[in-house]
Amino acid sequence: MSRIVGIDLGTTNSLVAYVEGGIPKVIPDAEGKALLPSIVAYTPDGVLVGEPARRQLVRQPTRTIYSVKRLMGRGYADVEGELTLFPFAVEPAAEVVRIRVGERTVTPPEVSAHVLRALKLRAEAHLDEPIEQAVITVPAYFSDAQRQATKDAGRIAGLEVLRIVNEPTAASLAYGLQRLAQGTIAVYDLGGGTFDISILRVKDGIFEVLATNGNTHLGGDDFDRAMVEWLLADIRERHGTDLSGDAEAVQELRLAAEAAKCRLSASPRTALTLPFERFTYRRDISREDVEALITPLVEATLGPCRMALRDAGLTPDQIDEVVLVGGSTRVPLVRARVETVFGRTPHSQLNPDEVVALGAAVQAQILAGGITDMLLLDVTPLSLGIETLGGIVSVLISRNTTIPTMAKEMFTTSVDGQTVVDLHVLQGERELARDNRSLARFELGVDPMPAGMPKIEMTFLIDANGILQVQARELRTGREASIQVRPTYGLTEGEVERMVEESFEHAEADVGARLLIEAQTEADVVANHVERALAQGGALAEAGELERIRAALAALREARAGTDRDLIRDRTIALNQATERLAEAMMDTALKEALASRRADRILESQ
Amino acid sequence: MTRDQDYFAVFELPRKLAVDGDALQRRFYELSRRHHPDFHQGASAEAQGEALATSALVNRAYRALRDPLARVEYLVALESGGAPGDESKGKPRPPMDLLEEMMEVQEGLMEARAAGLGADERARLTESRRHLAERYQAEEAAIVGRFGDWDRAAAGERGALVAWFKERLAARAYLRTVIDDLGEALGEDTETHVAHRRH
């Protein structure tokens, strides 16, 4: 069997890892970075992924897709409420939501597939072998449709997804492998967009999940949004300007808020400075300011914690260890609140950004047969049921049932000669069908018989991925009944096939386009720097130097207009070299000035 | 292991209600290690399908047997001719000795739904709920209290015992529904009613 990698497909960042010599390792990119921003920019010239795409967030906000995980496997009505702060357009659709990027629309699995493909390429470059199989993590509280959408994304990216594994349980595998967590443990996982709590018993190499709960729309993104709303209101008040309709400005505010939030996890105060066209916005922010904004969001994670404890039949004092996973658990308020709920200090010995990917790699190694003494027994997070008369849900499989699991149910016809039986399958905990998440509609084909005569036995099987498989058998004839599945918010088999084909066609072109755009972006950055430098420090230039720099700049601009990425790169390097001496001279002058002014300060002080 | 085995047979246990929880868990881990799809990844499609089905059966069997009340519910379904995988809970029926109180509670609930709760009514429903919750615990204790009778019963006595278990389970199910309805009407979390489930 070829190598299987583990992938953490996150809301904010994604990672790929593998196991080598019994130890899980994250695979870095060529620059040594482990985290790949889960951002995809559909520029007019091609598709960018990761860091280059991040640089397009402010430049091309309507074409740069981030946090797409929040849209995976969801219907328009599910996500409508939170679309206002996305600068890109999400279009209403009866089934899978579509994101408009210029002339075309893309689905969330296609966007995620770009991130997965970038990780696949990274792993192939690092390991020097083709990678075709992966384990991908999802939030434990993801529904069937969200899991299926993730699997589809893998297929579109050219990966066979051998297992969908839950993020908190993956984290527990990483901890368990290194014997860092034993007994009854609670994994509190607050990421960029999702929240999970899982309670496990770790004993004799078996990782048995007792209960899980969560919220697939709650995470660091929501902290950022609360801060952006607050900053927008502050700007309205102090500068009399409403920036909320300005996609670029909102994007800049969001990035600044996110950065400030991260800084405030380490220090009690920070400052924001954002130059806008007509004014520069400056604002001091304290940790208390942010805590006041995010308190309701942090509190919203505590209810699911108590529910999970209750479903596990445990009290907080029966929990031996609390493990923190996900970047948002760096926020001191989160740590403090978790500590009060469980009555013990939570820990995060393994890097909370990496631990899920490491665990995915461990699960991959288990599937490959490389680890035989560990086994994960996970649960289905949501009850599965069918709609019955009057729109009531009849539960077939309750939440927190260990998977794989199955349930059997008998169906018959209500009209003479009826040849189709319709079934509506739902996931959720509410009594009425309309309050739950619609999973799929099934059409059973039956031979015409008097009403009530056919005996159709349906088997609902939830596999180890938490994904539903359905079989139907007519008991009188013993024949398999035909089933037509219409996923409510999923792609059909045909659509996925088409996307897989398209991705093969575009794969080569996409890589070329990406490299070109990266080269162009780099050229722009360097050219802009040089122009600014010439304006400020041109006087320091030696004879003939200015001419040489201007020539190199013009040459770069000419190349930049074309599509020869090697030429652009060569001329970027040439311009850098041409300005080296001048840059040093400017640096010296600046240093001398700084020293001089400090001396002046001291003279003033001593007087 | 065959897919038609009952849950007791899956764990090679006699059809008795006294079960050693630790031994059951050890056996569950053993069976999981043998049948879980994770360890059959390289096998043929057929063998993988078999592992999936067997593993699903083991998981369902463990879920039904590890908890005493789920265990007796399963036993009743099994003795009444229910197929494996079909753990029917029995139709909820009010306990006969509580019929009068139940009528009052249901009336109070209907009024509360129609016109909201006054302070008096709230106090009365809260008291009812406390009383019914106690009764619920008592029903469970009574049911578990007769596990030994079943385990010692001669073949001829079993029918009557199954009927008794069925009746008490139906009363318990009814109480559960009313307690939940009361909790909802009172706008309270039902969290206080954590029972049994796991150890």
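Domain bounds here come from an automatic or database domain assignment. This is a predicted model, in which local features need pLDDT of at least 70, side-chain atom pairs count only at pLDDT 80 or more, and totals for chains, interfaces and linings use all residues. Residues are numbered from 1 along each chain as its sequence is written, with chains lettered from A and ligands numbered from 1 in the order in which they are written.

Start with chain B: select 7-66 for domain 1 and 96-193 for domain 2. Their C-alpha centres lie 33 Å apart.

Now go to chain A and colour domain 1 (4-218 + 300-377), domain 2 (220-298), domain 3 (382-491) and domain 4 (495-593). Between domain 1 and domain 4 of chain A, the C-alpha centres are separated by 35 Å. The contact (C-beta atoms, placed from the backbone, within 7 Å) takes 14 residues from domain 1 of chain A and eleven from domain 4 of chain A.

Next, pick out the five-stranded open sheet of chain A, ordered β18-β13-β14-β15-β19 with mixed pairing. Strands are DSSP runs of E, at least two residues, and helices are runs of H or I, at least four, numbered from the N terminus; two strands pair if DSSP finds at least two bridges between them. At the edges sit β18 (321-325) and β19 (375-377) of chain A, each pairing on one side only.

Zoom in on β14 (195-203) and β15 (206-215) of chain A: they run antiparallel, joined by nine bridges. Show side chains there, and you'll find R201(A) opposite E208(A) in β15(A).

Key. Two residues are in contact if their C-beta atoms, placed from the backbone, lie within 7 Å.
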